[in-house]
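Thank you all for coming. I would like to walk you slowly through one structure, looking at rings and at surface patches, and I will explain each term when we reach it.

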Amino acid sequence: MAAHLSSGRVNLTALREAGRRELREFLDKCAGPKAIVWDEYLTGPFGLIAQYSLLKEHEVEKMFTLKPGRLPQADVKNIIFFVRPKLELMDIITDNVLREERGRSPQRDFHILFVPRRSLLCEQWLKEQGVLGSFIHREQYSLDLIPFDGDLLSMESESAFKECYLESDQTSLYHAAKGLMTLQALYGTIPQIFGKGECARHVANMMIRMKREFPGSQNSIFPVFDTLLLLDRNVDLLTPLATQLTYEGLIDEIYGIQNTYVKLPPEKFAPKKQGEKEGGKDLPTEPKKLQLNSAEELYAEIRDKNFNAVGSVLSKKAKIISAAFEERHHAKTVGEIKQFVSQLPHMQAARSSLANHTSIAELIKDITTSEDFFDNLTVEQEFMSGIDTDKVNNYIEDCIAQKHPLIKILRLVCLQSVCNSGLKQKVLDHYKREIIQTYGYEHILTLNNLEKAGLLKPQTSGRNNYPTIRKTLRLWMDDVNEQNPNDISYVYSGYAPLSVRLAQLLARPGWRSIEEVLKMLPGPHFEERQQLPTGLQKKRQHGENRVTLVFFLGGVTYAEIAALRFLSQMEDGGTEYVIATTKLINGTTWIKSLMEKLEPAPF
Amino acid sequence: MSRARADEEEYWHSSKFRAFTFDDEDDELSQLKESKRAVNSLRDIVDDDDDDDLERVSWSGEPVGSISWSIKETSSSSTSSLEGRDSSLQKGSSSYAAFPKQVSSYSLSSLFKGEVPHTQYGQMALSDVGVKNYAPELRRPKAEYKDYSNDWSPKDTVRRMQRGKVCSLERFRSLQDKLVLLDEAVAGHDGNVITAVLIFLKRTLRREILFRELEVRQVALCHLIHFLKETGEQKLLLDLLRLGFFSLSLQLSQYREHLNIQDVEKRREFLKGCIGLPFSAEDTSHMQDHYTLLERQIIIEANDRHLEMAGQSEIFRKYPRKASILNMPLVTTLFYSCFYHYTEAEGTFSSPANLKKTFKIPDKQYVLTALAARAKLRAWDDVDALFTTKNWLGYTKKKAPIGFHRVVEILQRNNAPVQVLQEYVRLVEDVETRLNLATKYKCHDVVIETYRDLKDRIQLIAYKCKVERGSAEEEKINSILNNVVRN
C-alpha cells in the first residue's frame with residue numbers, strides 16, 4: 001500500500017488509484033498470458049504506481065527490457081511494449097517485431113502502450129517500417145503527474161526544461177495542463193491561479209481553454225486546493241545551481257535520488273553479525289538500494305533539516321532506542337514481558353532505520369568535510385551574497401586547470417553569471433576559452449545551450465539587477481540558524497531560494513508589494529480566477545490553513561521542497577503547500593540535461 | 001455499468017469510422033473513465049494487491065535485472081487482499097488506514113481527505129448521478145457525438161488530433177487553410193500535433209514556400225528542425241541552412257554533426273566545410289581552431305605511430321602511448337606535445353612552442369601544462385628552466401605566472417623529491433603559505449630558515465620535536481638557537 005501518500009493535507013492515494021485502475025484495464029484488454037517489454041526509463045515511475053504483484057495478477061508472466069535483436073524466449077500469447085513515444089525506440093520495436101515474425105511459428109499478439117501519450121509521429125514511423133499492422137492494441141497511458149509523496153507530484157519528464165527553453169517545444173506544458181485538469185477532476189476546481197513566467201502563462205491559458213471547451217458543465221466537488229501557483233524555472237535560475245545543504249538535498253547531490261530510490265556504496269551497510277570479526281567477510285559489491293519517503297518516520301523527520309542539524313537528531317534517537325531496548329531488564333511480570341515483545345517489531349524497524357541513516361550521514365560527512373567541498377561552497381556563497389561576481393574567479397580557474405568535472409565548472413560559472421545579471425564580455429570570453437581548450441571544442445555546443453537558456457550570458461544592459469533583487473527579496477541572510485531555523489534560508493545555509501520566497505510573499509502580504517522586482521524577473525506575472533458555483537465556495541473554519549499547489553515548470557530541487565515544507569509547518573503560516581513539478585532536479589542533473597550528448601573520450 | 005456509458009460504448013463501437021479512429025480511449029472519455037474509476041476505487045483501496053507479498057517479490061521473467069520493482073512498497077498494514085476482494089464492498093472493515101471504519105456523511109470533498117467511509121464509493125459507482133456529479137467537466141460535449149465530418153474547422157481538427165484521433169488533412173487545400181491549420185496547432189502547444197501538421201505541409205507545399213512561411217513561425221520551425229534531426233533528413237536540414245536566415249543555434253546543429261563522423265579524415269573535411277557557414281565571429285574562430293587542431297593531430301598521430309612502431313625513439317619505448325591523440329582537447333594535445341616533443345624547434349608542428357603560438361595559448365595555461373608534463377617525466381632541469389628568466393644584464397631570476405604555491409602542488413602530485421620541492425617552496429612569497437606548505441611537505445630546511453628569518457624562537461623550539469633526533473635538521477636548529485643566544 002502507499003500509506004505515505006495519504007498522510008498529507010491532500011490525499012494523493014486517489015490519484016495513484018486512478019492510475020492503477022487504468023493499467024489493469026489495459027492489461028485485461030490483452031487477454032491471456034503476456035510478457036511486457038519495458039522502455040527502461042519507465043520502470044522507475046511505474047514502480048510508484050504499481051508493483052509486480054499487480055501485473056502478475058493480470059497474467060503478466062515475463063518482463064524484459066527493450067533492446068535490439070531477438071526477443072527472449074517466452075511462452076506467452078501477448079507481447080506488450082511499454083514505451084515513451086520516441087523514434088529511436090520505435091526502431092528497436094520494429095527490429096523486435098520483424099525478427100519475431102520471421103522466426104518462430106506460434107504467432108504472437110503484439111500491443112503497444114505509449115506513455116504518456118500516443119504519438120502520430122511514432123505510428124507513422126512504424127507504418128513506414130511496415131509493422132504498424134502487427135499491433136492489435138495501440139493505446140496511451142497518461143501518466144502525467146505521479147505521486148511521489150504525500151505532498152509531492154512529479155511528471156518525471158527529464159527534458160521538459162530543455163524542450164521549453166531551447167527547442168521551443170511546449171508539449172510538456174500541454175501535459176502539465178492535462179495533469180492539472182485530471183487533478184481538478186479529482187480534487188475540485190482550483191479557484192485562484194497565480195503565475196510568473198512565459199511557460200506559466202501558457203499553462204494557465206491552456207487550462208482555461210480546456211475548461212472552456214466543456215461548456216455547461218460544472219465540477220461539483222468542493223475544492224481541496226485554494227490556490228495554484230505556477231512558476232517558471234527560468235524565473236529562478238539561481239537556486240538549482242547552488243549546492244543543496246539539507247539532508248535529502250545532499251543525498252541527491254551526491255548519490256542521486258531516482259524515483260524515490262537511492263543507490264549507495266555498500267561498504268557502510270555490510271551486515272555485521274555477532275561474533276564475526278570486522279572485515280573478515282567479503283564486502284558486498286552490489287550497491288545498497290533504499291527507498292526514501294515519508295513512510296519512514298525517521299526520514300520524514302530529518303530529510304528537510306540542514307545537514308548540520310541531522311547529527312544531533314540521530315544521536316538523540318540512538319539514545320531513545322537503546323533505552324527502549326534496555327527496558328527488557330525491567331520487565332518482570334509475564335504481562336510486562338508480553339508488552340515488551342509486542343513492541344519489538346516496531347523497535348527493530350526503528351533501529352534498522354536509524355542504522356541506515358547513520359551510515360548515510362557518515363558517507364555524506366566524509367564529503368562535506370573535504371577541503372574541496374568547502375572551497376566550492378565558499379565560492380558559491382560569495383557569489384550569492386554578491387562578492388566579486390564581476391571578475392574571473394581564481395578557484396574556478398584552478399578547477400579548470402586541474403580538469404575537475406566539467407559540470408562542476410559549468411555550475412559555478414553559471415552561478416556567477418546569474419548572480420551578476422550576466423558576465424562582463426571579457427570575463428565570459430575568458431571562461432569560454434578556457435573551457436573549450438581544456439575540455440574540447442565540441443563543448444561550444446553546450447555553452448551555446450546554456451547561453452540560450454539564459455544561464456550564461458554577457459551583461460548587456462550594463463546594469464546588475466541582482467543586488468536589488470537580493471535585497472528586496474532578502475535572499476541572503478547573514479544570521480542563519482541551522483539547528484532551529486526561523487527562515488527558509490537555512491536550506492542553503494544563508495541563501496533563501498528565490499522561487500520559495502516568491503511563494504511566501506504571495507501568501508503574505510501579496511505580490512503587489514514586490515511589483516518592481518517581479519518586473520526585473522523574466523516573463524509576465526498574472527492572476528486568474530476560476531468561477532465556482534455557489535455552494536462550493538469554501539467556508540473556511542477559523543484557523544484552518546489554506547492549501548496552495550505550487551507547480552514548478554522546468555524542475556524543482558529537494559531544498560526548495562524542504563523550504564516549502566518549512567513554510568507549511570510554520571505555526572502562524574496559514575498556508576500549506578503541495579508541490580508539483582515536471583522533474584525533480586539538482587544542479588548536476590539539470591546542467592546535464594542541457595549539455596549536448598557527446599561521445600565519451602577514450603581515456 | 002451505467003446506462004449512459006453503455007450507450008456511449010455502443011455508439012462508438014457501431015461507428016462506421018471505427019476502423020481508423022481507434023478512439024474508444026479518446027481523452028475525455030478516458031478521463032471520465034478514470035474519474036469513475038477513482039469513484040469505484042473503493043474495492044481497490046481495500047484490497048490493495050501489493051500487500052499480499054510480504055516477502056520481496058522476485059521477477060519470474062528472466063533478464064530483468066535492471067527493472068527495479070522488487071523492493072516492496074513500504075507498508076505497515078497487513079491487509080490480506082485476496083479474501084477481501086469480493087466481499088470488500090460489504091465488509092467495510094479494511095485496514096486501509098486513511099479510511100476510518102465508521103459510516104458517516106456523504107460529503108464529496110471530504111472523500112479526498114480520507115474522511116469518508118469507503119462504502120460510499122461503491123454506492124456512488126452504481127449510480128449514474130454520482131459519476132456526473134463527480135467529474136462533470138470531463139464529460140464529452142455534445143458536439144463530440146457528431147459523426148465523422150468533412151467540414152471541421154482547423155480548430156476542431158487540431159482538437160481532434162490532440163485527442164489522438166486520425167484526421168484527414170487533405171481537405172486543407174489552399175495555402176491559406178494550411179497556414180491557419182498550422183497556427184492553430186502551434187497555439188495548442190501539443191508538439192505531437194504540430195509535427196503531424198508539419199509533415200503534411202512538408203508533403204504538400206513547395207519547399208521555398210514552406211521555408212518562407214516558417215521563417216515567420218519560429219516555433220513551428222523548431223519543431224520541423226527537431227523532426228528532421230530525429231528522422232535524419234540531413235539534406236533538407238542543409239537546405240534550410242543554406243538559406244542562411246535561421247538562428248545561430250541551427251547552424252551550430254550542423255556543426256554538431258561532426259560528432260557522428262567516425263573517420264578522422266572525413267571529420268576534418270566536414271569541419272573545413274563548417275568554417276564557411278555563417279557563424280558568429282567568435283564561433284567561427286573556435287571552429288577554425290578546431291579544424292586546425294584536428295589537422296595537426298592527424299599529422300602528429302601518423303608521425304608518432306610510425307616512430308613508436310619503429311621502436312627507435314627512446315621516449316616512446318619508455319612511455320608507450322596509452323591512446324591516440326586524435327580528437328583530444330587542445331590542452332591535452334599540448335600536454336602530449338610537452339611530454340613527447342618538448343625539445344623540438346618551433347618550426348615543427350608537434351612542438352609545444354608551435355602549438356602555443358598557433359592557438360595563442362596564454363602563458364599561464366602553457367606553464368601549467370608544461371610543468372605537469374615535465375614533472376611527470378621527472379625532468380627537473382626542464383622544470384627549473386620553465387621558471388628561470390634572464391634580464392638584460394644577464395642576471396637570472398625565478399618567476400612563475402601561476403604563483404609558486406601552485407607549482408609546489410603540481411610537483412608534489414607528481415611525487416617530486418623533497419630537494420626539488422623545497423626549492424620552490426622557498427620561492428613562495430607569502431610567509432604563511434610558505435610555512436604551511438613547507439610543514440605539510442616536510443621541507444624542514446625551509447621551515448627552519450623561515451622561523452629564523454622571523455626570529456621566532458618559540459616556534460623554532462617547538463619545531464625541534466618534529467625533526468628526527470640527531471639529524472642534520474636538528475643540528476641546524478640547535479646552531480641557530482645557540483647563535484641567537486650568543487648574540
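What follows is a short tour of aromatic pairs and surface patches.

Please keep in mind that this is a predicted model, in which local features need pLDDT of at least 70, side-chain atom pairs count only at pLDDT 80 or more, and totals for chains, interfaces and linings use all residues. Residues are numbered from 1 along each chain as its sequence is written, chains are lettered from A and ligands numbered from 1 in the order in which they are written, and side-chain values use heavy atoms, with hydrogens and water left out.

Let me begin with the rings. A pair of aromatic rings is described by the distance of the centres and the angle of the planes. Here, rings of Phe, Tyr and Trp (its six-membered ring) pair if their centres lie within 6.5 Å, and planes under 30 degrees apart count as stacked, over 60 as edge-to-face and the rest as tilted. Over all chains, the structure holds 25 aromatic pairs. One of them joins A:Phe46 and A:Phe82, a tilted pair at 5.5 Å centre to centre with 45° between the planes. This pair links distant parts of the chain, since A:Phe46 sits in helix H2 (residues 40-47) of chain A and A:Phe82 in strand E3 of chain A, 36 residues apart; helices (H or I, at least four residues) and strands (E, at least two) are DSSP runs, numbered from the N terminus.

A:Tyr247 and A:Phe307 form a stacked pair, 6.3 Å centre to centre and 10° between the planes. A:Tyr247 lies in helix H10 (residues 247-255) of chain A and A:Phe307 in the loop between helix H11 (297-302) and helix H12 (310-326) of chain A, so the pair ties together parts that are 60 residues apart in sequence. A:Tyr247 is buried at 0%, and A:Phe307 is buried at 9%.

In chain B, ring pairs link B:Phe316, B:Tyr319, B:Phe335, B:Tyr336, B:Phe339 and B:Tyr340 into a cluster.

Finally, we turn to exposure in loops. A:Asp75, in the loop between strand E2 (60-65) and strand E3 (78-83) of chain A, counts as exposed because its relative accessibility is 73%. B:Leu393, in the loop between strand E1 (388-390) and strand E2 (396-398) of chain B, counts as exposed at 55%.

Methods. Buried < 20%, exposed > 50% of the residue type's maximum accessible area, 1.4 Å probe, protein only.
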